[in-house]
Amino acid sequence: MFKKSIVKKHLKNVMLFFSIGLMFFLVWQIWFGSYFLPGGYDYITTSFRTHIMNPIQQWFTKESKEGFSQNMKVLFKPEKIILNHSGQRVVFQSGHKDYEEMRSLSNEFISNVLLEKYTIKSKVSISVETYHSLLKGKTIYVDYGKECDFRLFSLAVCDQSSSVLTEDLSVINGYIIGLHDSVMNDVSLYITDKKSNNIYRYVIETEKSTLDEQLKEFLEESAGGSIPSYSFELNFHKEQENSASKVLFEPLVLLDLTTVEVPTIQLAGTEEENREKFDELTDAVLEVFSVNSRTMRRYTDLENARVFVENNATLTLYPNGILEYQAVQGSHGLDISNSTDRTNYDVHKATADAVDFVTELCNHMPNSYFKHLQISTSLVNHTDKHNSFKLSFDYCIDGIPVRQQTENGYCPVIEMEVREGYLTSYRHNLKVYEKRENEIWQLPPVISAADKLVNALYDGTNALRIEKVAVCYTVDKEGNIAPTWNGIVDGKERLFE
């Protein structure tokens, strides 16, 4: 009788635990897998992560967000570094054998200034004409090719947002290191603040002779070929006196008046190999975008694209290696920020979130892919939507971006929009490109290409103003790849076709 009582008691406990477990399971299914809450499962997980997990994580890792600067250093690169010395001029772009060494040299100098390891002896404002004339003397011109919030620039080069120059500078697009011909052993740093249009000359107390010797060595190793000219040196930035100008170049547009040789590139791997790689990435992509395999709806469309649908967004993986994410109108989108403060969301926070997200996704791809990426968008607080920022990244080979043709023209490899820490749209070309050995493509001089642009766009009265020009690779919808001239004309990006 006593044994029966013991067995009965244990059986009751088992049934009780089973009932409790079943209750939790049913509640989970009703609440987390239904539409009883706004946003369903996504609403619960997003709120839990935003209001509970993120604050706890921030409490224990308050300094971790600054770690994005290490990835920022990789992705925020000068578009070109130009050396000028004794009538010689050499242009380095990423992929050049001396580019990284030259970048390291200039970064070391500017970092020592920002961290006050070098003393600033004096500061004066100079004219635009004086600034331009520097590029004919002994200088290192580090050109990022885009405007950038100075805090982000400082963070990328010396790991701290504020510096000795913060009060002077808000937005910059590069700087010049000038070596004087005088007996003084000083070096000057020249920077234009694009917000105020003030141009500053800082006289820096440091060893000039060492920098001078390094500059000579780089030029001697890279000597040969044609010497490109700035627009202001050719007077291409001024209206003609005797006839109306059809096209004008901004003064600091660098022009090569001869035929330009660029490497020929191709898609890495066969189409079948690439499809297999894209398939292997599927689970990782779903995880990065927090797509829940239990609650999502999945189907294949008429273009053979795999579509994953959740309550708040749609993620699409196309067979050609294009990934697209789009939040449903009216929803927040994917929370990619560790910050709980959404009220003062600016370009600094948006860039940090974007860089961290892109890095996380690229961690699942070959290492070479991330090394080819660089930020191509301006990093400033100019936005037509409150606390919303559009950022883009280019995949570059020898400094030349690869652009994929879409319905909206030829687009960078990554385009994304971040609003108050939420990812609302994302487009990513996952394909990898490589150079063909010993194959060169010859492009006509940029002036010839500009003539074609004039024929297509000139209205007979207003001169076209070319603000920027460079080579890019275009990949059409059939996969054909060709280099062409690309630039900013009257504020819009255009191909010179």
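A crossing of two helices is left-handed if the near helix is turned anticlockwise from the far one by less than a right angle, and right-handed if clockwise. In this predicted model, local features need pLDDT of at least 70, side-chain atom pairs count only at pLDDT 80 or more, and totals for chains, interfaces and linings use all residues. Residues are numbered from 1 along each chain as its sequence is written, and side-chain values use heavy atoms, with hydrogens and water left out. Helices (H or I, at least four residues) and strands (E, at least two) are DSSP runs, numbered from the N terminus.

- Seven strands make an open, antiparallel sheet in the order 2-1-4-5-6-7-3; two strands pair if DSSP finds at least two bridges between them.
- Strand 2 (88-92) and strand 3 (119-125) are the edges, each with a single partner strand, so one side of each has no neighbour in the sheet.
- Strand 1 (residues 80-85) and strand 4 (residues 139-149) pair antiparallel over five bridges, and Lys80 has Asp143 of strand 4 as its bridge partner.

**Helices on the sheet**
- Helix 6 touches strand 4 and strand 5 (171-179), its direction making about 125° with that of strand 4; contact means heavy atoms within 4.5 Å.
- Angles run from 0 to 180 degrees between N-to-C directions, and axes are lines fitted to C-alpha atoms, for helices over the stretch in contact.
- Helix 7 (residues 208-221) lies across strands 1, 2, 4, 5 and 6, at about 105° to strand 1.

**Helix 6 and helix 10**
- The axes of helix 6 (residues 150-158) and helix 10 (residues 347-362) come within 9 Å and cross at roughly 40°.
- The crossing is right-handed.
- Arg151, Leu152 and Leu155 of helix 6 meet Val347, His348 and Thr351 of helix 10.
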